[in-house]
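Dear colleague,

Please find below the structure that I am handing over to you, together with its sequence.

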Amino acid sequence: MAHILTRRTLLATGAGVAGAAVVGGLTARQLAEPRPGPGPAVPDVPAGDERLIRIASGARGREVDFWTAVPEGYGDGRGLPVCLVLHGASATPRDYGRFGLARFLTDAVRRGAPPFALAGATGGRLSWRRSGNDDPQRMVREELPTWCARRGFDSSRLAVWGWSMGGFGALLLAEAYPGWLRAVAAFSPAVRPGDAVFTGADRLRGTPVGLWCGRQDNFLKDVRALARALPEPPARAAWADGRHNFAYWGTVIPDAFALLGAALTPPKA
């Protein structure tokens, strides 16, 4: 059974670890990103070890929510590789339980994906880029792997997944640190020709990239343009009926988790 650990619970047991302005190139269209909308059809399987705590981020200069999930049947996830989760502008890690991400993870592993953990923290509405002394990208690059290692996860094997603003941030992170991540999955990333993701696309060479976007999503044209601009064909590029919300994104999580699991734990030669 999943259990959510709050900061109060962790402090009581001695296990605790210790809204910005929109910047970073967000366009008016990105600012108008809708609420996540109706939730996805969550798989009817149990969540594994799922935790949500508060933790101090030096990179962001504040406490943030730190969420982790392990597929059911894998205990506390010790030794598992990690997919870092970057949220969109209208969600935070406190929404991940409502989205059923831990249950999607269990379902993916039961369907044959190699097991991995999910981990994410609050990045604010900064498009996962630095604004003054607030640097959510540095938090993901430097602090999240450390927090994951303390949990016993294998932070030497990392991938990243994000949606909307988080999809933009995931692609930008992979470009900023070429070769650091084993794969990138982006759902309806909030990109546009000429932005930082497009201008740095060549830096994605050698990193498997998966792109998914709904046909009724306003970003579809630009996401398809990004797929053509990549230095190598994307590992996945899928366009199905759907809008800019989790009602659509939930339908493509299984495909993304299969890609991420295979990248994090490739078959032995």
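The notes that follow describe what was found, beginning with the chain as a whole and moving on to particular residues.

Please bear in mind throughout that this is a predicted model.

**Overall description**

The protein chain has nine helices and eight strands. It comprises 269 residues, of which 56% count as buried.

**Aromatic residues**

The count of aromatic pairs comes to 13. One of them joins tryptophan 161 and phenylalanine 187 in an edge-to-face arrangement, with 5.6 Å from centre to centre and 65 degrees between the planes. This pair links distant parts of the chain: tryptophan 161 belongs to strand 5 (residues 158–163) and phenylalanine 187 to strand 6 (residues 184–187), the two being 26 residues apart. Tryptophan 161 counts as buried because its relative accessibility is 0%. Phenylalanine 187 is also buried, with a relative accessible area of 0%.

A further pair is formed by tyrosine 177 and tryptophan 180. Their ring centres lie 6.0 Å apart and their planes stand at 65 degrees, so this pair is edge-to-face. Tyrosine 177 has a relative accessibility of 27% and therefore counts as partly exposed.

Arginine 141 is placed over both of these rings. Its charged end sits over the ring of tyrosine 177, 4.6 Å from the centre, and arginine 141 also lies over the face of tryptophan 180, at 4.5 Å from the ring centre.

Tryptophan 161 and phenylalanine 187 also belong to one aromatic cluster, whose other members are Trp67, Tyr96, Phe99, Phe116, Trp163, Trp212, Phe246, Trp249 and Phe257.

**Helix 4**

Helix 4 is mostly covered, eight of its ten residues being buried. These buried residues are Leu101, Ala102, Phe104, Leu105, Thr106, Asp107, Ala108 and Val109.

Aspartate 107 deserves a separate word. It lies in helix 4, which spans residues 101–110. Aspartate 107 is buried, because its relative accessible area of 11% falls under the 20% limit. Leaving aside residues up to four places away in sequence, aspartate 107 touches Pro43 and Val45. Just after helix 4, glycine 112 adopts a positive phi of about 120 degrees.

**Salt bridges**

The number of salt bridges comes to 13. In one of them, the side chains of glutamate 63 and arginine 54 meet at 3.7 Å, N to O. Glutamate 63 is partly exposed, with a relative accessible area of 31%, and arginine 54 is partly exposed as well, at 26%.

Another salt bridge joins aspartate 134 to arginine 60, where the closest N and O atoms are 2.8 Å apart. This pair links distant parts of the chain, its members being 74 residues apart. Aspartate 134 lies in the loop between strand 4 and helix 5 (136–150), and arginine 60 in the loop between strand 1 and strand 2. Both aspartate 134 and arginine 60 are buried.

The side chains of arginine 157 and aspartate 154 also form a salt bridge, at 2.8 Å from N to O. Arginine 157 has a relative accessible area of 18% and therefore counts as buried, the limit being under 20%. Finally, salt bridges that share partners join Arg54, Glu63, Asp65 and Arg94 into one network.

With kind regards

Conventions
Residues numbered from 1 in each chain as written. Predicted model: local features only at pLDDT ≥ 70, side-chain atom pairs only at ≥ 80, totals over all residues. Heavy atoms only, no water. Helix = DSSP H or I, 4+ residues; strand = E, 2+ residues; numbered from the N terminus. Buried < 20%, exposed > 50% of the residue type's maximum accessible area, 1.4 Å probe, protein only. Phe/Tyr/Trp six-rings, centres within 6.5 Å; stacked < 30°, edge-to-face > 60°. Lys NZ or Arg CZ within 6 Å of the ring centre and 35° of its normal. Contact = heavy atoms within 4.5 Å. Salt bridge = Lys/Arg side-chain N within 4 Å of Asp/Glu carboxyl O.
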